[in-house]
Each structure stands twice: as structure tokens, then as C-alpha cells.
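Hello,

Here is the structure you will be working with. My notes follow below it.

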Amino acid sequence: MFEAVWASASVPLRDAMDLAYLTGQRPADALKMTEHDIIDGHLIVTQEKTKQPPRIKIIGQLATLLDRIKARKAGCKVKTAALLVNLNGKRLTAPALRAQFDKARTAAAVAVPDLAEEIKQMWFYDLRAKAADDTADDLGDQAASNLLGHENVQTTRRHDLRRGKIVALTK
């Protein structure tokens, strides 16, 4: 579903989806991120809801994404420190993000009819749960909890882990 919506998305929405997924942050927190939040090789996000400040290492896909955003912003006349910007270089707003996501979701449902019903049910916020699930699968529940900025791994398990544990067969 993520790939289908991403393929139908505008460039600013692709940046937003990638940033929200890779960092596991809420949409509002992703929209608030600026170049000033990049310190000593980390993206430091003070979460609006919990006030937790996870330091996310800028490596791998996140480093590539931030380079892509920087290159795109360099071609814009309008200059802002915001990481997520529209095609003109102005800060991406929540209503614009919502409108672009709705448009991409609708296009993706048409492009991938086998997943149309699931795609129509998808919300931008679901990227946070996807980030939690993927991180938990690779690094464990505690790593997912740390990424999301939860004080307690139980909070992550209750609200954001949706897939369940990977288990082995009996034989």
C-alpha cells in the first residue's frame, strides 16, 4: 500500500512520506522538522505530544532523503529552514499534506485495484505504525519504542505495533 500511494504521490508528498516513515514521527512533528534540528549527525525531534527528544542517526536512507530534500530546495527561489516544502520551496502545511495524500491515495486505488479497498482505508498517520512494525521486526520492540519516543514499550505495543511477533514453526 505504501509503495502504491508513494508511486502516485507528488514530490513533496514523497519526501513527507519518507521522512515520516524513516523517523517514525507523527505527521505534525514531521512537518515541524527544520535544518536546525540536524545536529552532530542526528535529527533531533522534540515531539509535540510527549515532549520526548529522540536523536535519530542520519545514516542510510535518511541521509539519502535529506540530501534529496536539500538538492530540491536548492532549486527553489523561496528559502526556508523547513525540511518539508512544496514545489515552490515554501513550508508544506498540514492541509496541503492532507490534500496531496488524499489525491495520491485515490490515484493509487485506481492504479492497484487488487489493493484498492486497503489503500482507501490508509491514513498518513499509518506510516508511524509501519515504522514501528518494521523497526520491531528488525531490531525489537524496545528499538521501535525508542524511535517513536515512547517512555514505555507497552505504549508502543498497545498503539503502534500491528503485525504481531514473528514466530517459528514447531518443526
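Thr-23 is buried, because its relative accessible area is 0% (buried means under 20% relative accessible area, exposed over 50%, partly exposed in between, with a 1.4 Å probe and protein chains only). Thr-23 sits in helix H2. Helices (H or I, at least four residues) and strands (E, at least two) are DSSP runs, numbered from the N terminus. Apart from neighbours within four places in sequence, Thr-23 contacts Met-33, Leu-43, Ile-56, Leu-62 and Leu-147. Contact means heavy atoms within 4.5 Å.

Some ground rules. This is a predicted model: local features need pLDDT of at least 70, side-chain atom pairs count only at pLDDT 80 or more, and totals for chains, interfaces and linings use all residues. Residues are numbered from 1 along each chain as its sequence is written, and side-chain values use heavy atoms, with hydrogens and water left out.

Overall layout

The protein has nine helices and three strands. From the N terminus, the order of elements is α-α-α-β-β-β-α-α-α-α-α-α. Of the 171 residues, 43% are buried. Take the contacts between residues at least 6 apart in sequence: 53% of them join residues at least 24 apart.

H2 has 13 residues and should span 18 Å at 1.5 Å a residue; its end C-alpha atoms are 18 Å apart, which agrees. The expected span is 1.5 Å times one less than the number of residues. In H2, 10 of the 13 residues are buried, so the helix is largely enclosed by the rest of the structure. Among the buried ones are Pro-12, Asp-15, Asp-18 and Tyr-21. Just after H2 comes Gly-24, with a positive phi of about 70°.

The largest nonpolar core holds 40 residues. Such a core is a set of buried Ala, Val, Leu, Ile, Met, Phe, Trp, Tyr and Cys residues joined through side-chain atoms within 4.5 Å. Val-5, Leu-13, Met-17, Leu-19, Leu-43 and Phe-124 have the most contacts inside this core. H2 gives the largest share of this core, six residues. Leu-13 contacts Leu-97, Gln-100, Phe-101, Ala-104 and Phe-124, leaving aside neighbours within four places in sequence.

The largest pocket

The largest pocket contains about 590 Å³ of space. On a 1 Å grid over the protein atoms alone, a pocket is an open set of points where a 1.4 Å probe fits, with protein on both sides within 12 Å along at least five of seven lines; lining residues have an atom within 4 Å of a point. Grid points are joined across faces, edges and corners, and the volume is the space filled by probe spheres set on the points.

Its lining has 18 residues, with Leu-22, Ile-56, Thr-135, Leu-139 and Leu-147 nearest the centre. By class, 10 are nonpolar, four polar and four charged. Here Ala, Val, Leu, Ile, Met, Phe, Trp, Tyr, Cys and Pro count as nonpolar, Asp, Glu, Lys and Arg as charged, and the others, Gly among them, as polar. H2 (11–23), strand S3 (55–57), helix H4 (60–74), H7 and helix H8 (141–148) each supply at least two lining residues. H7 gives the most, with five residues.

H7 covers residues 126–139; these 14 residues should span 20 Å, and the end C-alpha atoms are 20 Å apart, which agrees. Buried residues in H7 include Leu-127, Arg-128, Asp-133, Asp-134 and Thr-135. Gly-140 follows H7 and has a positive phi, near 105°.

Loops to look at

Cys-76 lies in the loop between H4 and H5. At 10% relative accessibility, Cys-76 counts as buried. Asn-88 lies in the loop between H4 and H5. At 52% relative accessibility, Asn-88 counts as exposed. Asn-88 touches Cys-76 and Val-78, not counting residues up to four places away in sequence. Cys-76 and Gly-89 are 13 residues apart in sequence, with their C-alpha atoms 5.2 Å apart in space.

Asp-40 is in the loop between strand S1 (38–39) and strand S2 (42–44). Its phi is near 50°, a positive value in a residue other than glycine. Asp-40 counts as exposed, at 72% relative accessibility.

Best wishes
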